[in-house]
Amino acid sequence: MQELERLEEHVSFDGVQYKYRHDSTTLGCPMTFSLFLPDKEKFPDPPLFWWLSGLTCTDDNFTHKAGAQKAAARLGVAMIMPDTSPRGKDISDSKDYDLGQGAGFYLNATQQPWAKNYKMYDYITEELSVIAHKQFKLTGKEFISGHSMGGHGALVIGLRNPERFQAISAFAPIVNPSQVPWGIKAFEEYLGDDKKDWLEWDALELMKNYNGKKVPILIDQGNADPFYEKQLQPSKIGAVANEKDYPLTLRMQKGHDHSYYTIATFIGEHLEFHLSHLANTH
């Protein structure tokens, strides 16, 4: 069992919001994550909702701004929120906000100097998953969601692990990172110049060649999002989903932007969307 240091504990609605730190063997540095647990007596075996945050964020952005605890407490959902990347003075970084610490892109880097520590995919799908399952006894059904870079992460992790997740959702995700500036910059640094190596980390490319279990997807995108046309382009994955007869719902939200105001508005609907697919089996 990994040793966890409890940093925070807050009663919230009928549940408890926690924040922990642990020494990650996968990333080679201390990591924090947040965890919300609904009332144990009412919900002894809650499903687990994974939330992946976006560029420059930490696990605190969602816990402080999304207001998801109220709906999660009512619906009986546990929520786990990892940080976005490895951090620390000995961890490779960049002066740019969209690369390095705060911008891990939920992949396994293969290029130097990033390869030693930037393995967020393995951290989430393996190391933090073991902590959730074994130390917190969260062994029920699982869902995954995220925002922007985290929306990219949720789509990629969900599509690569269809037997594990019952549903996937995203707010303003980077759906085709191999073709937009944010993703190209990160992929060149983390994965190298061979663009064939990029395809397994691109949700649009994964869906083009998808032949696994069709895990339902919900995407919310604000039409007032300043990154909508250049960086996000969700209609691209919507078109591929139509071609593949994949169960993807893309909702354009009038007047909404890229902020947590949008997430707070619709997070309850996302949790309900995920719970509606509890009948799916592994």
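Here are some questions and answers on a cavity and a helix pair in this predicted model.

User: Happy to start with the inside: how many cavities of 30 Å³ or more does the structure hold, and about how much space lies in the largest cavity?
Analyst: Let's take the count, then the volume. The space in the largest cavity comes to about 40 Å³.

User: Which element gives the largest share of the lining of the largest cavity?
Analyst: The lining includes His147, Phe171, Asp220, Gln221, Gly222 and Thr262. At least two lining residues each come from strand E8 (217–222) and helix H9 (260–275). The largest share, 3 residues, belongs to E8.

User: How many residues of that lining are nonpolar, polar and charged?
Analyst: Among the lining residues are Ala172, Asp225, Asp257, His258, Ser259 and Ile263. By class, the lining of the largest cavity divides into 3 nonpolar, 6 polar and 3 charged residues.

User: Now for H9 and its partner H2: is their packing roughly parallel or roughly antiparallel?
Analyst: Helix H2 (residues 68–75) packs with H9 at an angle of about 30 degrees, and their axes lie 9 Å apart. Angles under 35 degrees count as roughly parallel. Because of that angle, H2 and H9 are roughly parallel.

User: Which hand does the crossing have, and how do the residues of the contact divide by class?
Analyst: The crossing of H2 and H9 is right-handed. On the H2 side, Ala68, Ala71, Ala72, Arg74 and Leu75 make the contact, and H9 brings Ile267, Gly268, Leu271, Glu272 and Leu275. By class, these contact residues are 7 nonpolar, 1 polar and 2 charged.

Definitions and conventions
Residues numbered from 1 in each chain as written. Predicted model: local features only at pLDDT ≥ 70, side-chain atom pairs only at ≥ 80, totals over all residues. Heavy atoms only, no water. 1 Å grid on protein atoms, 1.4 Å probe; cavity = no way out; pocket = protein on both sides within 12 Å on 5 of 7 lines; lining within 4 Å. Points joined across faces, edges and corners; volume = space filled by probe spheres on them. Helix = DSSP H or I, 4+ residues; strand = E, 2+ residues; numbered from the N terminus. Nonpolar A, V, L, I, M, F, W, Y, C, P; charged D, E, K, R; others polar. Axes fitted to C-alpha atoms, helices over the stretch in contact; angles between N-to-C directions. Parallel < 35°, antiparallel > 145°, perpendicular 65-115°, else oblique. Left-handed = near helix turned anticlockwise from the far one by under 90°. Contact = heavy atoms within 4.5 Å.
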